Amino acid sequence: MTSSDKDFMRRAIALAKEGMKNNAGGPFGAVIVKDGEIISEGFNRVTSTNDPTAHAEIVAIKEAVRNLNLFS
């Protein structure tokens, strides 16, 4: 892993902790990186939103789509 990869993983871990602190869902965080920059991120929100699809990676994907103006 490069130092950037480690930074991205640290951010995902921080997001997981944030979600747990907020009782949003399980201990999962995700970041999506493009060209060496985080373009979106998310943490598990399954229990707080009562949405079985609100996993960290799905939350991050939806945010990435919005941020990149895809599928609008």
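Mentor: What follows starts with the whole chain and then stays with one stretch of it.

This is a predicted model, in which local features need pLDDT of at least 70 and side-chain atom pairs count only at pLDDT 80 or more, while totals for chains, interfaces and linings use all residues. Residues are numbered from 1 along each chain as its sequence is written, and side-chain values use heavy atoms, with hydrogens and water left out.

The protein chain has three helices and two strands, in the order α-β-β-α-α from the N terminus. Here helices (H or I, at least four residues) and strands (E, at least two) are DSSP runs, numbered from the N terminus. The C-alpha trace spans about 35 × 30 × 15 Å along its principal axes. Of the 72 residues, 24% are buried, where buried means under 20% relative accessible area, exposed over 50%, and partly exposed in between (1.4 Å probe, protein chains only).

Ser40 counts as buried because its relative accessibility is 1%. Leaving out residues up to four places away in sequence, Ser40 touches Ala30, Val31, Ile32, Ala60, Glu63, Ala64 and Asn67, where contact means heavy atoms within 4.5 Å.

Next comes Asn44, in the loop between β2 and α2. Although Asn44 is in a loop, it counts as buried, at 4% relative accessibility. A polar atom of the Asn44 side chain lies 3.0 Å from the backbone nitrogen of Val46, and a polar atom of that side chain lies 3.3 Å from the backbone nitrogen of Gly26. Beyond its neighbours within four places in sequence, Asn44 is in contact with several residues, among them Ala24, Gly25, Phe28 and His55.

Helix α2 spans 46-49, and Thr49 is found in it. With a relative accessible area of 45%, Thr49 is partly exposed. A polar atom of its side chain lies 2.5 Å from the backbone oxygen of Arg45. Thr49 and Ala24 are 25 residues apart in sequence, yet their C-alpha atoms are 7.7 Å apart in space. Ala24 is also one of the contacts of Asn44.

The stretch ends with Asn50, in the loop between α2 and α3, the latter being residues 56-67. Asn50 is exposed, because its relative accessible area is 71%. Its phi is near 55°, a positive value in a residue other than glycine. Asn69, in the segment after α3, also has a phi near 55° and is exposed, at 58% relative accessible area.

Methods
Polar contact = N/O pair within 3.5 Å; in protein donor to acceptor, adjacent residues only side chain to side chain.
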